[in-house]
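Here are my notes on the model you sent. Please read them with the coordinates open.

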Amino acid sequence: MNEQFYLPLAYLNAWEYCPRRFFLEYELGENADNEHLILGRHLHRNVDDEGKNIEGDKVIYRSQWVWCDRLLINGVIDAVEEIDDQLIPVEFKKGRMANHENDHFQVCGAALCLEERTGVSIAYGEIFYYANRRRQRVDFTPELRQATEQAIQAARTAIGKAMPPPIDHPKKCQDCSLQKICLPKEIKQLRLEV
Ligand code: SF4
């Protein structure tokens, strides 16, 4: 394996959601739509074009490509807001606001990239959840930074290894677009029979 490859931030999100999903997407190139993904793409259409808006004292840079050479990660941040020289990475998500750790890792990974590119420390980011139109502030605490870096290393280490088993999380599996490829219930049933 080439140690210099850059792990995309979207795959960091997939890893934290479910290592098996990460394996299916990253290693096997599996891809499938469900209603959540289609709706997500539709809602995302306004932030997918790179550009710049000014709203009052805030400058918004949409769809920004970033990377971090230290952690070997890269990706596109939906938006970076600049207020009083403070940069705030912002991700837009289709679902409802909750403590989605995978989303927190993704926005924290984006901040780590931005910090390396600009040399400026970033205190927090935000995630906008379309389903209930709420913005969640995510503080980049030392604990979140450490957990994000550990997840990046864990995902990189898992590449090239065996496919992980399905997770025991029916709600995540129900929402997962890869369910018909992964077959979590069937795999679990087979394992019980074996
Ligand atoms: S269906 Fe469940 S176990 Fe399978 S990839 Fe999706 S979240 Fe993971």
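Predicted model: local features only at pLDDT ≥ 70, side-chain atom pairs only at ≥ 80, totals over all residues.

The points below cover the core, a helix pair, the ligand shell and some backbone details.

1. Local features were taken only where pLDDT is at least 70. Side-chain atom pairs needed pLDDT 80 or more.

2. The core. The largest nonpolar core holds 36 residues. Within this core, Leu 12, Ala 110 and Ala 155 touch the most other members. Two or more residues each come from helix 1 (9-17), helix 2 (19-27), helix 4 (101-118) and helix 5 (142-158), and also from strand 3 (58-68), strand 4 (73-83) and strand 5 (86-93). Helix 4 is the top contributor, giving eight residues.

3. Leu 12. Which residues does Leu 12 touch, not counting residues up to four places away in sequence? They are Leu 7, Ile 73, Phe 105, Gln 106, Gly 109, Ala 151, Ile 152 and Ala 155.

4. Helix 1 against helix 2. Two packed helices are described by the angle between their axes and the distance between the axes. For helix 1 and helix 2 the angle is about 140° and the axes are 5 Å apart. The pair is therefore oblique. Helix 1 brings Tyr 11, Ala 14, Trp 15 and Tyr 17 to the contact. Helix 2 answers with Pro 19, Arg 21, Phe 22, Glu 25 and Tyr 26. By class, the contact has seven nonpolar residues, two charged and no polar.

5. Inside helix 2. Which residues of helix 2 are buried? The list is Arg 20, Arg 21, Phe 22, Phe 23, Leu 24 and Glu 25. Please note that Arg 20, Arg 21 and Glu 25 are on it. The buried residues of helix 2 pack against helix 1, helix 5 and helix 7. Just after helix 2, Gly 29 has a positive phi of about 65°.

6. The ligand shell. There are 13 residues around the ligand. The closest are Cys 18, Pro 166, Cys 173, Cys 176 and Cys 182. Helix 2, helix 6 (170-175) and helix 7 (179-182) each give two or more residues to this shell. Helix 2 gives the most, with three residues. The shell divides into nine nonpolar, one polar and three charged residues.

7. Gln 179. This residue sits in helix 7. Is Gln 179 buried or partly exposed? Gln 179 counts as partly exposed, because it has 17 C-beta neighbours inside 10 Å, and buried would take 20 or more. Gln 179 touches Cys 173 and Pro 184, leaving aside residues up to four places away in sequence. Cys 173 is also one of the closest residues to the ligand. Gln 179 and Arg 21 are 158 residues apart in sequence, yet their C-alpha atoms are 9.1 Å apart in space.

8. Phi values to check. Most residues other than glycine have a negative phi. Ser 63 has a positive phi of about 50°. Ser 63 lies in strand 3. Ser 63 is partly exposed, with 15 other C-beta atoms within 10 Å. Leu 183 has a positive phi of about 55°. Leu 183 is in the loop between helix 7 and helix 8 (184-193). Leu 183 is partly exposed too, with 14 other C-beta atoms within 10 Å.

Notes: Residues numbered from 1 in each chain as written. Core = buried A, V, L, I, M, F, W, Y, C linked by C-beta atoms within 7 Å. Buried ≥ 20, exposed ≤ 12 C-beta atoms within 10 Å, placed from the backbone. Helix = DSSP H or I, 4+ residues; strand = E, 2+ residues; numbered from the N terminus. Contact = placed C-beta atoms within 7 Å. Axes fitted to C-alpha atoms, helices over the stretch in contact; angles between N-to-C directions. Parallel < 35°, antiparallel > 145°, perpendicular 65-115°, else oblique. Nonpolar A, V, L, I, M, F, W, Y, C, P; charged D, E, K, R; others polar. Near = placed C-beta within 6 Å.
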